[in-house]
Amino acid sequence: MPNDPTRELLDLIYNRLLKKNGTLNWWPTTYESNQGFEIVTGAILVQNTTWENARTALASMHTEGIWGYQAVHNTMESRLATVIHSSGYHNIKAKKLKAFAKIISCEYNGDDERFFSHPLPELRKQLLSIYGVGNETADDIVLYAAKKPSFVIDTYTRRIINRLGWKVDGNDYEDYQRLFTDNLKADAKVWGEFHAQLDVHGAQVCRKVKPLCQECVLADLCPSSKKQFD
Ligand code: SF4
């Protein structure tokens, strides 16, 4: 069984998942206006919860007219927390949304495209300096809102990698990220689709409890496929 990912192995996995799930075209946006804002806000709201909960909170913000950085900046933190209650951790997420909105409103005149136009390393560095933005959220924003290639690592991806038995040099975010970035040509569209495919696979097939190995398109590549999961 291979335990060191190569370009060929990653391509094989990507193509099998793509064939199984079809093109997913993330990031999923619902509204026509302020799509950059919707992606940023969704990336913060989905922290430590399901996408369904985050989407309900986004819909509440839209219904309440809190739709844009300036609107978030102008809204009392306590009111915003009430509106996004369904996302969980609503008080802290309201603080995070307001921190992000303040920067775009006050330093970029509300124009997130100007912010996203920073070169990738600078953009990522700036994102990580914003309250409430960690590696995963920063890469979601870089990849899907700014459309620059930064591979997103999340719980689903880590779980799949670990079960595939790949050798990872450490347990940090960057250690997992390098497995992809060292082997794949930088391409925001492909990386966005690859992350989406891995997430859907992790949520629907390579589940935390009782993974569906018998119907997994990666089973022949996976040393865990015959394991008894609790
Ligand atoms: S074979 Fe099982 S453990 Fe391996 S990737 Fe597929 S679902 Fe996950």
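A cavity is a set of grid points where a 1.4 Å probe fits but cannot get out. In this predicted model, two cavities of 30 Å³ or more are counted. The largest cavity holds about 120 Å³ of space. Its lining comprises 16 residues. Those nearest the centre of the largest cavity are His201, Cys206, Cys213, Cys216 and Cys222. By class, this lining of the largest cavity has 12 nonpolar residues, three polar and one charged. Helix α10 supplies the largest share of the lining, with three residues.

The second largest cavity contains about 30 Å³ of space. Phe37, Val40, Thr41, Tyr69, Val72, Leu97, Phe100 and Ala101 line the second largest cavity. Two or more of these residues come from each of α2 (35–45), α4 (69–74) and α6 (90–107). Seven residues of this lining are nonpolar and one is polar.

The axes of α10 (residues 155–164) and α11 (residues 173–181) come within 11 Å. They cross at roughly 70 degrees. Angles of 65 to 115 degrees count as roughly perpendicular, and α10 and α11 are therefore roughly perpendicular to each other. The crossing of α10 and α11 is left-handed. On the α10 side, the contact is made by Thr157, Arg158, Ile161 and Asn162. Helix α11 contributes Tyr173, Tyr176, Leu179 and Phe180. Five of the residues in the contact of α10 with α11 are nonpolar, two are polar and one is charged.

How values were computed. Residues numbered from 1 in each chain as written. Predicted model: local features only at pLDDT ≥ 70, side-chain atom pairs only at ≥ 80, totals over all residues. Heavy atoms only, no water. Axes fitted to C-alpha atoms, helices over the stretch in contact; angles between N-to-C directions. Helix = DSSP H or I, 4+ residues; strand = E, 2+ residues; numbered from the N terminus. Parallel < 35°, antiparallel > 145°, perpendicular 65-115°, else oblique. Left-handed = near helix turned anticlockwise from the far one by under 90°. Contact = heavy atoms within 4.5 Å. Nonpolar A, V, L, I, M, F, W, Y, C, P; charged D, E, K, R; others polar. 1 Å grid on protein atoms, 1.4 Å probe; cavity = no way out; pocket = protein on both sides within 12 Å on 5 of 7 lines; lining within 4 Å. Points joined across faces, edges and corners; volume = space filled by probe spheres on them.
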